[in-house]
Every structure is written in structure tokens, then in C-alpha cells.
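Here is a short briefing to read with the model open beside you.

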Amino acid sequence: MDARRDKKRASRAGKHGADLTALLRKSWYHLRLSVRHPSRVPTWDAIVLTAASPEQAELYEWQLKRAKRMGRIASSTVTLAVPDPQGQRIGSGAATLNAIHALAKHYQLLHGPEVPIPQNGCSESVALPDRGSKNGDSVLPIVNFLAKKHILLLHAGGDSKRVPWANPMGKVFLPLPYLAADDPDGPVPLLFDHILAIASCTRQAFKNQGQTITLAGGILTMTGDVLPCFDAFSMVIPEDASCIVTVPITLDIAANHGVVVASNTGIVADNYTVGLVDNLLQKPCQEELINNEAILDDGRTLLDTGIIAVRGKAWLELATLAASCQPMITELLRSRKEMSLYEDLVAAWVPAKHEWLRMRPLGDELIRRLGSQKMFSFCAYDLLFLHFGTSSEVLDHLSQASSELVGRRHLCSIPATTSSDIAASAVILSCKIEPGVSVGEDSVIYDSLISGGIQIGSLSVVVGVNIPKEIGELATRDSFRFMLPDRHCLWEVPLVGCTGRVLVYCGLHDNPKNSIASDGTFCGKPWKKLLDDLSICETDLWGSLGAQDKCLWKAKVFPIVSYFEMLNLASWLMGLKLNGQNPSSNLLSLWKSSTRVSLEELHRSIDFPKLCLGSSNHQADLAAGIAKACIDYGMLGRNLSQLCQEILQQETIGIETCKEFLAHCPKLQEQNSKILPRSRAYQVEVDLLRACRDETTAHQLEHKVWAAVADETASAVRYGFREHLLECPSAESVSAIQDSHFKSNINRPFQPRSVKVELPVRVDFVGGWSDTPPWSLERAGCVLNMAISLEGCHPIGTIIETTQSTGVLINDDAGHELYLHAPTSIAAPFDENDSFRLVKSALLVTGVLHHRDTVKGLQIRTWAKVPRGSGLGTSSILAAAVVKGLLMITDGDASNENVARLVLVLEQLMGTGGGWQDQIGGLYPGIKFTTSFPGVPLRLQVIPLLPSPQLLSELQQRLLVVFTGQVRLAHQVLQKVVMRYLRRDNLLISSIKRLAELAKLGREALMNCDVDELGEIMIEAWRLHQELDPYCSNQFVDKLFTFAEPYCCGYKLVGAGGGGFALLLAKEAASAKELRRKLEQDFSLDVKVYNWSILES
């Protein structure tokens, strides 16, 4: 690898840092897709967390259940939190084995005796498979069972000394509001959630494949205090091996971390390399790096990220070892030694470390059991390594990130700017802030209730604090005011056997592990100065502990007294100016006489059930307050369905709260009837009924939601349309019209008229869904699509003829025929199995039945020479042809714009829904960019693109139009999307906004003749379509796109997806020819590639 390539990759790494938002958003798209449709997008079979104690494991179980409830983990995934045995540290390597063993036992509880579990001391009965055997029949059944599973193991145990305020919740569950604005009514994103998103992409590297069914699984281990941001889709895991993820890093940083020495031969790609691991170094000096040839050509070295993947035979051997690991763990507990994952266990896969490993606890056993397999390095050159090892690192990752990435206000109640002083850069998450509070720059306040008069400095952290209202009242009378200085942390902890909560605090940069003799500090001050200033003796804090143990972690500094006294003592210990009523001597005496605890004791005594219950109730109260404000003062712009999920965590109280909201619905509709869409009001009522467990009434009310959407669409198309939309002329009016017609035309000879309308189909590049009501009735829509002919003809058309006899005769190309003697029989709603509802609806929306003086009888013939469920807009374009023909034969307004708007109403009348892009795509020739503007009437602006001959030629040569053979029904997808929009699902709203934005970018790309850019836009659009509904694709379509990907720069299904036609945009003309040839030869895909051409006029 030459220096120029390294420099290029270093430059790319900097650019990647700027693209962190896009990378995380892509990972979250994939996580949600894998959770919602795991049968199509593989997810983890099990997610396991290690914990420091049974109590912490109980907390983690609560968090895992929360993650499932919030859609972070699939319901089919097994979750488990595993504490270190006897609460004793055994090292991350032994904890890995213990966790796999515990998962095996858990599987037995789930599946019964068919999953046998080895008992303690049975290592002699475990036999590795014979090297020559094919399936390893001699392996224990539990190992065979585990070897098929894909497991995510997250090391989240430990005591978080450097981030002590995260100790109660577990550092892996600390708040990290990246992309929080994408879902403002959802829960605050946690570090754990982002790790799951990245890991969901890494899961695809295992590919569900192996040499045998037995070896198809694998395990991925990660650490709970690192967010590794990289394109995990590109990860390569060699079969039958372990693989450690690395990233190039400067030597100064490497000196404090693990370093991997990898071979320079192997797989070399643009953004990664894969090579055999030659050696492992721990916190190496420069000389050691040089001696081991660990320095790359660009002067950097490979950092061990803590991400290790194991698959195939290596996973089989690791699972075999874990199945019999209990004697090994017993020995570690007896000897009080530890086995590290990153030093000991992985060293078994690196022959150069075997000599060193033999000197370590159980090293010989590790080599014997694991040493036959190898370890590889997957070096991700664009990886961004976000470490959350200290409190200051946490704040840095929030304050230095872009405003688009970090949500600084989320699910919180904050007073007006005139009654509080909260810095714009402060991050307020899941909090209720009373008037009179001050918060400084770049501080983080989470899961707290802050009463008035409290001042919080800059660069501070406040977590889980509930300052009573009485304290705020004291502050307003100036009798007491609590101030948290700059660069401090403040949090509360409920303790077992303690009715109240303990207030805990320290300086942002305090290292609880540093002793008084090693420059240890408390609240930013050296211990010796603090003790002198406050007249505290060392024995008051540490008793008879040795010098090295005299540190903040073991200091009995935090008193258990009343809340007011805790705040007073906190101010005193932090060295703030004291109030005259509380002289220092009184506070010293109070502090000395109180029961006090250390951080270490707090860690062992946290009341986790009380902590979970308090947090859950706090979140529910906040959600209820937000929902109430939305109903009382707003326009129902929040996602009440999602807020109710949090409210219902209070069980009985939650249901009563939702019933109170439900009682407001009739009054709400009455007060806001002029401006609140009735469809939205009905949907809110449906959601609240479901929250109140009244599913029957909710189901009965749903039809009003869809009827309201149809009414609102009709109203937006043209004035006065609603009056005759759902009804035909009465029998009396028809008789009168016919009588008048007879008298006025008694001597007029019959003059037959005939109209033929033929239209192309449309393919959409991007922007679909932004054209669909009710979105397009309330927000602007943008679509980029193109009219094309297939196999040299316009495949959709109609012939309409007048007849001398009364009635309407309808027939289609499928051989169906219907004669309507009395047109008054046409009335909505129509049966969804009615083959002629499209033509019937067209007769209604055009008003032909109201103008019988012009037409006596009609014969209507229709055809659509494209496969059913094509996704090419066939139904809407056929409707456009019929509507246009009817208007032409009755001398009505047959302009394209009028026809497009009438078809929009027609589809609501049919009950299929749909937007305006299909009819626009068929009515207007060529490539066009269409925008809709909400209002009454709805306005459409069609802007034809004037492509150059070069662009037309390039599209014609590179774009393949392929029928997948998969039948799809757009209305099934459409109903799900419309319901989510009516619920104000923020993820859906942001996705459709992005689709409309991409349509604008696609227009620019085409006008600049940048077809490759259009391909990237198509891929992002396809990902967004799957965000809207994961069932818009299926395993066959995924297989097709995977097959085509090496040849393509872009691909997507047309229309709403679910099947039908696909667009494959090749990288170049030669690639298109090669792809077409392979598709036509591959009978397993069974697709048809159509000849097509752009309809330019």
C-alpha cells in the first residue's frame, strides 16, 4: 500500500466525519427495517449484555424490554442480561464465555429439553469435531444449536468510574440525542440505540451462510462505551475465522490503546482492507511499534476498536469452549484473577501471542481449544471512533456535533424565554423545567425536574434530579438558592432500604480513580486544598484505608439527610459562598454526624426497581403534559398514538388520562372545524380509543377517516364538486332530463361520435408519496417522472362512442362486459371486487350523468397491455384516459390539468386512494418535474424537462425497465402510509419531505446530464420507500437488486413498490448490456426486460 493511497484515505476519513449524520441515518433506516421485517432483512437471533451484578442485570433487562417496546429490537430476538458470577470481576474474556453459556441455558428454558445444556464440570465430555468430519456430529447438541445462531454480545458491565453519573443507568444507556429531531415524539435516543443501529448493518456481513448448516451462525462482540461509526454494510468477515475491526490512528492515541499488526497482503478495497493479524500490542511505545512493523506508510497504526466478529469453525470452537466454561470461571473466581477478551482470549487466534499467552491464567487451555483458527483485521479507513469514556468526552460529542445531528430539546417542558435563562446550546432531554431556572452553555439536563430559582452552570451534567417545588419556593423568597458551578455533574440515586434519594455530585474532570497522592480532585479542587478549606480530616472520608485507596471512588462524602440539607451540604462541599444562616461550622457538624456513602457503596446499593419506576413515571407525566397541551392549545400536530404509549406505562392512571383526552375530542372538532382536517380529528379519536383499549369502537370509526380523506380531496379539486360526488341523479331528475331531451331533439337526426385516447405508462425516479392525499392537500409535493412507451406502443387506452339507445355498455380487454340500462344504478361506495368501478367512478366525477341532454347512450371499451400490478400507474392512467375521453365526447374541459385533478378524486371515490403523479406521468409527455401546491383548489405545476440528445441517449442505453413478476396492490401499501401520516408519524413525515427534496435534486442532476447522481438519488429514494413500509419489497426483489448491484449505480421499484416493475440504472451502456444478457439467461430470477422509449410528444 503506497503513501498516496493512505493520504487519500485519510482525506476520505475527514469527509466521513462530516457525513456522520447521513451514516447514522442510513444505519437507523436499516435497524427499523430489520425490526419491522426480520424475515426479509436478517436481524440478531439474540442480544446479550454483560452486567456487573444481578441488580444491574435487572436494570438492563428493563432497558432491553423498553428497546423492544420502542421498536429498537425485533420481537423475535431473544434478549438477556448476564451478571458476572458472584458479582466478582472475571474480565471481559471470561465474561464473554459466561454470557454465551448463560444464553445456552436461557434457550433451554425457552425451548425445553430438546436443547440440552451441559452441567458444571462436564468439560471432559466435550469433544471438538474431527478435522475430517463434515458436520461435526460429535459436538454437543447445544453447540450445534448455538452455532446456527447470530448473536450480538455487548460488554456493558463495570462501574463507569470516569462517567459516574451514568453509573445508575449503565454507561451504555446514557442519553445520546443524535437524530432525535427525526422523531420528536419518540423516546430520547440512547448510546445503546445507536450501537444497535450500527450493529444491525454489521449483521449483514454474516449473510446467513456457512460451509454447513451447523456453521451458519456467528457472534459479534462490542463494547458499551464506544460508538463506531462506519459503513458496516461493507464489512467482510472471512469464513471459519475471527475478525477484529481496526482503524488507522495516530501514534500518540495508539499509545493508550490496543494496536493490531496486520499483514499487508489480503483484500484491498477503496475504503477497507482485510489482512491476517500478525500480532497484538497493548499501549505500545513508538519503539515497540517500530520493532513490530506496526506503523503504516502514512505514519499511523491500526487501533483495536473493540469490535470482534467470529463465524464458522471459529464460532463453533468458541461456543464449544463456552458450553464447558464453568470450571474455568470457577478457577478464576478462586484465584481472583481475570481473563481479558482483548488481551487473552483473542491472543489464542494469533500464533505470535501464544508464548505470552501460556503465562496467563488458563492460557494453555485457550490455545488448545481455540488456537487452530486465525484472526483477521478488517480495517475500515472511514471509521469514526466515538469514545464515551469520560464525562468531558460525552459533552464533547454533543457540543462539537452539528445542529442537524444533535437534538437539543426533546420531550421536555420548558418555560418561555422571558421567564428563564436557558442557553441555546444546552441539551434538555426528558425534563420539566420550571420558570426562574438558568442553564449555561453546552450543559446536559436529562430525565429531571428542576424547580424555579435553580442555576446550572456551563458544561455541566444533571441527570435524574428531582428538585422539590418547595426548594423553588424558597429560591423565589431569596431565602435559599442552589447553584451548580460550571463543569460539574449532579445526579440522584435511590438506595436499597432508603426512602429518599441521595444527591451525588463531582467535577466534570474529576477522575474517581486518582488517589489523594496522585493529584486526585473533588469538584475540580485538589483533595488536600478541599480538606484544608472545609476542615475535613482524611479519616472522615477514608477511615484507615491505604494511600492508594484514598480516592473519590471510595470517599464517604455524600450524606443521607433531608433534600434541603443535601443541597446545602452540596453547596458547601463545592466551595460556594455560604448563606449567613448556615455557617460553615454548622454544616461541617451536620456533614460529620450524617450517614455518608461513597461512589463505590452507591454502585453496590442502587435500588434499580425504584430507579426504573421513577424514570418510567417521569416519562409518562411528561408525555401526558405534551399531549394535553397539543389537545388544549394546538392543532393536533403531535403523534398522540406514540405519546400514549409512554402514558400507558403508568397502567391504570395512564388509561384514565387517555380517557380524559378522548372526552375532549367532540369539543375539539367543533372548535377547530374550519382549519383542522376532519380526517386528522377522526384519526386522533381512533388512536385514543385504542389507547383506552376500546378496539371495537376504534374499528367502527375508521371508515369515517377514509371517507373524510375522500371528502377533503374532492373539496380541494374544485368548488361545488362535493354536492354530486357520491350520488347519481335521482330517477325523477333523470326522467325529466330524458323528457326534455326527447322534446328538444325529436326532429334531430342521431349523429354518432367516437373518441380514442391512448396513453403511455410512467416510471417515477423519485418523489412519490408527496403527491398523495392527504399529504398533497396540506403540504407541497414534488415528483420527477417520465412517460414511456413499452415494446413500441402506448399500452393504455379507451374508445368511447355515443349510441342511439339509452344506457351504458362497458367492456375491457379481459373479456368482462357490463350493460347499465339505468345509469341511476351507479352509486358509491363500490365493491372492491367490482371490475368496472373505475369506469363507473369516471362517469360520476366527469358529471356525464348530469348532462344527459348531450349524450343519450355510451359504449366504453378499455385496455391496458401491461401486467397486472405493474406499478407503472396503470390504474390512474387508464382512469385519466377514460375521464379525458368522456370530457372530449361531451365537449367538457379535457385539459390535462383538469383531467389530472379529477382522477385524484376518482381514486378516492374508488377506495384505492392514490396521488396525482400517475396521471401526470401518463398525460404529459417526456420527463417532467411536477409540484403541487395545497389549497382550494389544489394547484399543479408541470415543468417539462428539456433533455439534451446526449442525456436521452444515455438514459435509453443505461436504464433497464424490468418486470419482476411479483404482483403488487398499491392500495394495501397506501393505506398503511396514509394512516401513519394521519397519526403524524414523524419518521414518515421526514421521509416524505426528503423524497420531495430528492425530486428537486434529481431534476438538477438530469439537467446537468449527471446520470450517476440520479442513480444515487434512486437508491436513497428506495431506502426511504422501505422506511415508509418495509413490505414494499420482498425477498425476490432483494435478490434481484443484489444480483444487479455490481452493474448498477441506482435501482428501485416504480410506484408504491411491493412488486411490479423495477428500474435498473447501469453504471454505463456496456454494463446495461451485460446485465440484460445475464437477467435473460438466469432462469432462477424469471424476469422480463422490456424495450422502452421516452415519449417526447
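Two strands pair if DSSP finds at least two bridges between them, and both helices (H or I, at least four residues) and strands (E, at least two) are DSSP runs numbered from the N terminus. This is a predicted model, in which local features need pLDDT of at least 70 and side-chain atom pairs count only at pLDDT 80 or more, while totals for chains, interfaces and linings use all residues. Residues are numbered from 1 along each chain as its sequence is written, and side-chain values use heavy atoms, with hydrogens and water left out.

**A parallel sheet**
- Four strands form an open sheet in the order β13-β16-β19-β21, with parallel pairing.
- β13 (421-422) and β21 (483-484) are the edge strands, each with a single partner, so one side of each has no neighbour in the sheet.
- β19 (residues 455-456) pairs with β21 in the parallel sense over two bridges, and Ile456 has Leu484 in β21 as its bridge partner.

- Helix α36 (residues 1011-1028) has 18 residues and spans 26 Å from its first C-alpha to its last, close to the 26 Å expected; the expected span is 1.5 Å times one less than the number of residues.
- In α36, 13 of the 18 residues are buried (buried means under 20% relative accessible area, exposed over 50%, partly exposed in between, with a 1.4 Å probe and protein chains only).
- Glu1020 is found in α36 and counts as buried because its relative accessibility is 17%.
- Leaving out residues up to four places away in sequence, Glu1020 touches Arg994 and Leu998 (contact means heavy atoms within 4.5 Å).
- The side chains of Glu1020 and Arg994 also make a polar contact at 2.7 Å. A polar contact is a pair of N or O atoms within 3.5 Å; within protein, one must be able to donate a hydrogen and the other to accept it, and residues adjacent in sequence count only if both atoms are side-chain atoms.
- Gly1002 sits in helix α35 (residues 986-1007) and is buried, at 0% relative accessibility.
- Gly1002 touches Leu784, Leu1014 and Ile1017, not counting residues up to four places away in sequence. Gly1002 and Leu784 are 218 residues apart in sequence, yet 7.2 Å apart in space, C-alpha to C-alpha.

**Salt bridges**
- The whole structure holds 42 salt bridges, each a side-chain nitrogen of Lys or Arg within 4 Å of a carboxyl oxygen of Asp or Glu.
- Arg994 forms a salt bridge with Glu997, with the closest N and O atoms 3.0 Å apart. Both residues lie in α35, three residues apart, about one turn of the helix.
- Arg994 is partly exposed at 24% relative accessibility, and Glu997 is partly exposed at 40%.
- Asp540 forms a salt bridge with Lys592, the closest N and O atoms being 3.6 Å apart. This pair links distant parts of the chain, 52 residues apart: Asp540 is in helix α17 (residues 538-542) and Lys592 in helix α19 (residues 584-593).
- Glu492 and Arg501 meet through their side chains in a salt bridge of 2.8 Å, N to O; Glu492 is buried at 3%, whereas Arg501 is partly exposed at 24%.
- A network of salt bridges links Arg762, Asp764, Asp918 and Lys1052.

**Cysteines**
- The disulfide count is zero, where a disulfide is a pair of cysteine sulfur atoms within 2.5 Å.
- For Cys692, which is in no disulfide, the nearest cysteine sulfur is that of Cys658, 5.3 Å away.
- Cys692 is buried at 11% relative accessibility, and Cys1032 is buried at 0%.
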